[in-house]
Amino acid sequence: MDETANRTNLKILGNSTSAGGCFLDVKVTGECTFNGDVDCRKLTLMGETKVNGSLVMENMKLTGECSVKGGIEGESLRGQGEIRAESVHVDGIKFTGNLSVAGNCDAEEMQISGAVQVYGLLSAETLEISLYGPSRAAEVGGGSVKIKRSLGGALIRPGNPGHLSFAAGLIEGDQVELQGTAAETVRGGKVVIGTGCEIGTVEYRDSLDIHQNAIVRNQVKV
């Protein structure tokens, strides 16, 4: 029996609450609180949504705020605004705004313009962050890791680029390219330490390029 036979679409307009459950397409325009787990194919959120449980979806598009008490799992997450969750495990993330994750956040491809707070491991095969605000992760891992200051962010806060900073204990990747980053340890094959960085130790296999405005206390070829 096809599992989709038991699923229905859910459309919410205005201010509402829902028990949660399994759905095909969920569309929220306004404010909604789900008092349980949500499992759906397609999720379109415009406004403010709270999930008092976990969220499993295939495709999610957000314009606004989404707060999930548990984890978010899915294939694709797109949009702009603010996301707060316990953990995030999504194949592809392309997001503009603020992402706050209490545990680990991982994806195959992750492209974020904004501010990121990940209190566990932030990992992706391809990770690209354009900083618009102070950001942090306990650890960062990936194939290609690129953290840069956004030009737009620099225009928003002229004369105070210190706010466009990323802090981490460890950053590790095959290719690592950093700007405006403070880290205890950076490990990689090809490593580029750009402007505004302050790094304790860089361990590199192939090449290391350090900008004249960057501080690297120790460099070790492994």
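Start at G81, which sits opposite G97 in strand 6. Another pair in that strand is made by I83, whose bridge partner there is L99. These belong to the pairing of strand 5 (residues 71-85) with strand 6 (residues 87-101), which is parallel and runs over 14 bridges. Two strands count as paired when DSSP finds at least two bridges between them. Strands themselves are DSSP runs of E with at least two residues, helices are runs of H or I with at least four, and both are numbered from the N terminus.

A word on provenance: this is a predicted model, where local features need pLDDT of at least 70 and side-chain atom pairs count only at pLDDT 80 or more, while totals for chains, interfaces and linings use all residues. Residues are numbered from 1 along each chain as its sequence is written, and side-chain values use heavy atoms, with hydrogens and water left out.

S67 takes part, with R84 of strand 5 as its bridge partner.

Is T49 buried or exposed? T49 is buried, with a relative accessible area of 3%; buried means under 20%, exposed over 50%, and partly exposed in between, using a 1.4 Å probe and protein chains only. Setting aside neighbours within four places in sequence, T49 is in contact with V28, C32, F34, E65, C66 and S67, where contact means heavy atoms within 4.5 Å.

In general, strands of a sheet pair through backbone hydrogen bonds, either parallel or antiparallel.

Along the sequence, the pattern reads β-β-β-β-β-β-β-β-α-β-β-β-β, which amounts to 1 helix and 12 strands. Strand 8 (residues 135-149) and strand 9 (residues 166-178) are parallel and joined by 11 bridges. G141 stands opposite E172 in strand 9. What is the bridge partner of E172 in strand 10? That would be R187, part of the parallel pairing in which 11 bridges join strand 9 to strand 10 (residues 181-193).

Further along comes Y204 in strand 11 (residues 198-210). Y204 counts as buried at 14% relative accessibility. Not counting residues up to four places away in sequence, Y204 touches G188, G189, V191, V220, K221 and V222.

Finally, some whole-chain numbers. The C-alpha atoms fill a box of roughly 60 × 40 × 20 Å along the principal axes. Of the 222 residues, 43% are buried. Among contacts between residues at least 6 apart in sequence, 12% join residues at least 24 apart.
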